[in-house]
Amino acid sequence: MNLSQKDQLYNWHPYTQHQTTGLLPAIVKGEGVYLWDENGKEYIDAISSWWVNPFGHSNPIIAQAIYKQLTTLEHVLFGGFTNKPAVELAEKLLSILPSNQKKLFYSDNGSTAVEIALKAALQYFYNKGEKRTKIIAFENGFHGDTFGAMAASGITFFTEAFQGSLLEVVRIPVPTAENDSLNLLENLLQSNDFAAFIFEPLVQGAAGMVMYAPQELDRLISLCKKNKVFTIADEIMTGFGKTGKTFACDYLNEQPDMICLSKALTGGTIPMAVTSFSQEIFDGFLSNDVNKALFHGHTFTGNPTGCAAALAAIELLFTEEMQHNIKRVAQQQYQFKNRLEQHPTVEHIRTLGIILAFEIKRETSESYYGDFRNKLYAFFIENGIILRPVGNTIYILPPYVTTNEQLEIIYKTIEKALEIV
Ligand SMILES: *Cc1c(COP(=O)(O)O)cnc(C)c1O
């Protein structure tokens, strides 16, 4: 048996209906934008392995940093102790995050980063004896798959089976020309039930790279501030350069109270996440009463190896070469947008930073993991390009190190797909 066959015997994959899914390629090596499977087939990773890998696979600089840390101090508990990489990473992150961010809480993945933000918002008001138990979120948002994060998420078929067991979340649409989200939010805020408003700033990733304007988000945040409702920017997808700025929040005038980071935090190497907080939130947990502390933690919180990987990744991000790569890829994507404008079967072409997305025109609406999407996905895999269309939406989120020639291969393959659908 080869790896793919053994995998089918033993493994359960995410978002996968195993009855109708065949053997999955077994990736055995990665370098830069390339991945190779056990049969030697080559793939270009045009979505940075679910948006985590901006610097390319098997990056030697991050690998070195991890090795050095593993042979110095691989892990120590963060309850009752601290460690050098965790301190240095906190100092570094707080120097690049919006200036109101003052404290970091480490965890293991995007969903936990969101759980921590939601719990902090809810307990902040509980500690003050104020009853604010509901959350506001965008329609079609995605914040993760654990219970709190799932409640905040608005892609309904992800969460349908669990309705009735979830936190109470009220949704508003993202602000576009058709949606007066500000007015809807204003109506909601007539009641004092809400602890926080959580959102993916400027780009809703899992919804299919839905984009909206920073000025509109500024207005929503500002209204929340007036009503003492905390704002949580989920930058798990957008963080670390993808929008063309370090964080999507860098496009805003307002500063959110909390920020969630993960995915590219360690350059796609070690699972790790951070939730950052304003001083006001942190201070809401200070008391002589131990019960007012945030009773949340994970076994691997503050893991030195993950922190060392993140430090190396952030250093890489700010090299002149990588900053230039971000601008270059963004420019190429913008030019491809112009090329796609000429295409009769394509609509809603949009870019922000290195992200490009568009819809293929269809008579009827296509479901998230439906047949049309599966056909497109299979076509790209067959042609050695990893793209994961969402319904009839195709998006490219390439590693920053993708060369113009490699981008052109992705573009040509997409154009070929458009000819045959
Ligand atoms: C991926 C993602 C999450 C969840 O992160 P996991 O590590 O998969 O738990 C949350 N929010 C956003 C915006 C994401 O893109």
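This is a predicted model: local features need pLDDT of at least 70, side-chain atom pairs count only at pLDDT 80 or more; totals for chains, interfaces and linings use all residues.
Before I start, one definition: the axes I mention are lines fitted to C-alpha atoms, for helices over the stretch in contact, and the angles between them run from 0 to 180 degrees between N-to-C directions.

Let me begin with helix 12, residues 320-341, and helix 14, residues 404-420, which pack at an angle of about 25° with their axes 11 Å apart. Because angles under 35 degrees count as roughly parallel, helix 12 and helix 14 are roughly parallel to each other. Their crossing is right-handed. Among the residues making this contact are Arg328, Val329 and Phe336 of helix 12, together with Leu407, Glu408 and Tyr411 of helix 14, and by class the contact divides into 7 nonpolar, 3 polar and 5 charged residues.

Now to the second pair, where helix 3, residues 60-70, packs with helix 11, residues 304-317, at an angle of about 150° and with the axes 8 Å apart. Helix 3 and helix 11 are therefore roughly antiparallel to each other, and the crossing of helix 3 and helix 11 is right-handed. The contact includes Ile61, Ile62 and Ala65 from helix 3 and Ala308, Ala309 and Leu316 from helix 11. By class, the contact of helix 3 with helix 11 has 11 nonpolar and 2 polar residues, and no charged ones.

Finally, which residues are around the ligand? They include Trp51, Phe142, His143 and Glu200, as well as Ser111, Asp234 and Lys263. A polar side-chain atom of Ser111 lies 2.6 Å from an oxygen atom of the ligand, while for Asp234 a polar side-chain atom lies 2.6 Å from a ligand nitrogen atom. In the side chain of Lys263, an N or O atom is 2.7 Å from an oxygen atom of the ligand.

Methods. Residues are numbered from 1 along each chain as its sequence is written. Side-chain values use heavy atoms; hydrogens and water are left out. Helices (H or I, at least four residues) and strands (E, at least two) are DSSP runs, numbered from the N terminus. Angles under 35 degrees count as roughly parallel, over 145 as roughly antiparallel, 65 to 115 as roughly perpendicular and the rest as oblique. A crossing is left-handed if the near helix is turned anticlockwise from the far one by less than a right angle, and right-handed if clockwise. Contact means heavy atoms within 4.5 Å. Ala, Val, Leu, Ile, Met, Phe, Trp, Tyr, Cys and Pro count as nonpolar, Asp, Glu, Lys and Arg as charged, and the others, Gly among them, as polar. A residue is near a molecule or strand if one of its heavy atoms lies within 4 Å of it. A polar contact is a pair of N or O atoms within 3.5 Å; within protein, one must be able to donate a hydrogen and the other to accept it, and residues adjacent in sequence count only if both atoms are side-chain atoms.
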